[in-house]
Amino acid sequence: ILMGLQLEDILQITEDLKLTNVSFIELKELNPDKNLEIYNLQLQQSEIDIKTKRASFYPKISTSGYFGYQQFKDDFVVAFDDNAWKPYNYIGLNLSIPIFNSYANKGNLKIAKVNQQINEQVLETENMKSKMKDNQLLTDYENSLEQLKLSKQNHELFKQNADFSYNKYKEGIIGIDSYYKSFEDYLEAENNYLNSL
């Protein structure tokens with residue numbers, strides 16, 4: 001139907017399929033799984049989070065300063081002469097010691113440590129899953145390669161058998177039905193080989 005042929009049309013393929021020897025690579029290892037990088041980054045993020053939570057226990061020292069000029073007047077008129085501006089400078093030192101929020105900091109630190117342990121376990125589990133998938137993939141590839149070799153040998157044997165049956169048919173030793181049966185077996189073996197490829 002797809003080719004536009006009618007029921008009485010005959011389609012005859014006379015070309016013989018010549019299969020060349022194809023060499024396949026036997027894989028020993030695969031490239032690293034890029035998806036594992038996400039779990040590595042999550043673990044690094046949880047380690048940095050622990051460091052941040054530990055830093056909240058330490059006192060914080062900060063400085064601030066200002067060196068400039070201001071005008072001190074009772075009215076809102078701004079003067080631009082030099083006598084109107086007075087120097088205004090200050091330096092500040094701020095020391096902040098976390099006393100009242102230490103319980104919250106301890107809780108946050110415990111949560112960060114638990115998150116790190118969870119991320120370590122997730123990374124370990126995902127590494128194991130990735131290795132298992134890689135091993136399964138390599139095993140499937142090796143099995144498919146072995147199946148391909150066997151189906152190629154099978155194809156060659158059925159080709160020889162079909163040739164022998166044709167010679168027997170030409171000599172009158174066997175009938176046409178026996179030759180067709182061996183040729184049908186050859187076509188099935190060829191189909192299996194092509195599917196394996």
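What follows is a conversation about the overall fold, the helices and some residue pairs.

Visitor: Before anything else, what kind of model is this, and how are residues numbered?
Guide: This is a predicted model, in which local features need pLDDT of at least 70 and side-chain atom pairs count only at pLDDT 80 or more, while totals for chains, interfaces and linings use all residues. Residues are numbered from 1 along each chain as its sequence is written, and side-chain values use heavy atoms, with hydrogens and water left out.

Visitor: How many helices and strands are there, and in what pattern?
Guide: The chain has 3 helices and 2 strands, and along the sequence they follow the pattern α-β-β-α-α. Because its radius of gyration is 41 Å, well over the 16 Å that the globule rule gives for 197 residues, the chain is more spread out than a compact globule. That radius is taken over C-alpha atoms, and the globule rule is 2.2 Å times the number of residues to the power 0.38. Helices (H or I, at least four residues) and strands (E, at least two) are DSSP runs, numbered from the N terminus.

Visitor: What does the C-alpha trace span?
Guide: Along its principal axes the C-alpha trace of the chain spans about 130 × 45 × 30 Å. As one example, the C-alpha atoms of I50 and K170, which are 120 residues apart along the chain, are separated by 86 Å.

Visitor: And how much of the chain is buried?
Guide: Of the 197 residues, 15% count as buried, where buried means under 20% relative accessible area, exposed means over 50%, and partly exposed lies in between (1.4 Å probe, protein chains only). The chain exposes about 16900 Å², of which carbon and sulfur atoms supply 55%; accessible areas come from the Shrake-Rupley method with a 1.4 Å probe, and for residues only the protein chains shown count as cover.

Visitor: Let's turn to α1. Which residues are buried there?
Guide: In α1 the buried residues are L36, L43, S46 and I50. Seen down the axis of α1, these buried residues fall within an arc of 75°, so they line one face of the helix; the arc is that of the directions from the helix axis to the C-beta atoms. The face turned away from the buried side of α1 carries the exposed residues Q45, I48 and K51.

Visitor: What do the buried ones pack against?
Guide: The buried residues of α1 pack against α2. I50, for instance, counts as buried at 5% relative accessibility and, leaving aside its neighbours within four places in sequence, is in contact (heavy atoms within 4.5 Å) with L109, A112, K113 and Q116.

Visitor: What about N105, buried or exposed?
Guide: N105, found in helix α2 (residues 102–171), counts as buried at 9% relative accessibility. Apart from neighbours within four places in sequence, N105 is in contact with S56, F57 and P98.

Visitor: Which α3 residues are buried, and what covers them?
Guide: Y179, S182, D185, Y186, A189, E190 and Y193 are buried in α3. Seen down the axis of α3, they fall within an arc of 140°, so they line one face of the helix, and what covers them includes α2. On the face of α3 turned away from the buried side are the exposed residues D177, Y180 and N195.

Visitor: Switching topic, how many salt bridges does the structure hold?
Guide: The structure holds 4 salt bridges, each being a side-chain nitrogen of Lys or Arg within 4 Å of a carboxyl oxygen of Asp or Glu. Among them, D185 pairs with K181, the closest N and O atoms being 3.1 Å apart, and K53 pairs with D49 at 3.7 Å between the closest N and O atoms.

Visitor: How far apart are those partners along their helices?
Guide: D185 and K181 are 4 residues apart in helix α3, and therefore separated by about one helical turn; K53 and D49, also 4 residues apart, are separated by about one helical turn in helix α1. An α-helix has 3.6 residues a turn, so residues three or four places apart point the same way.
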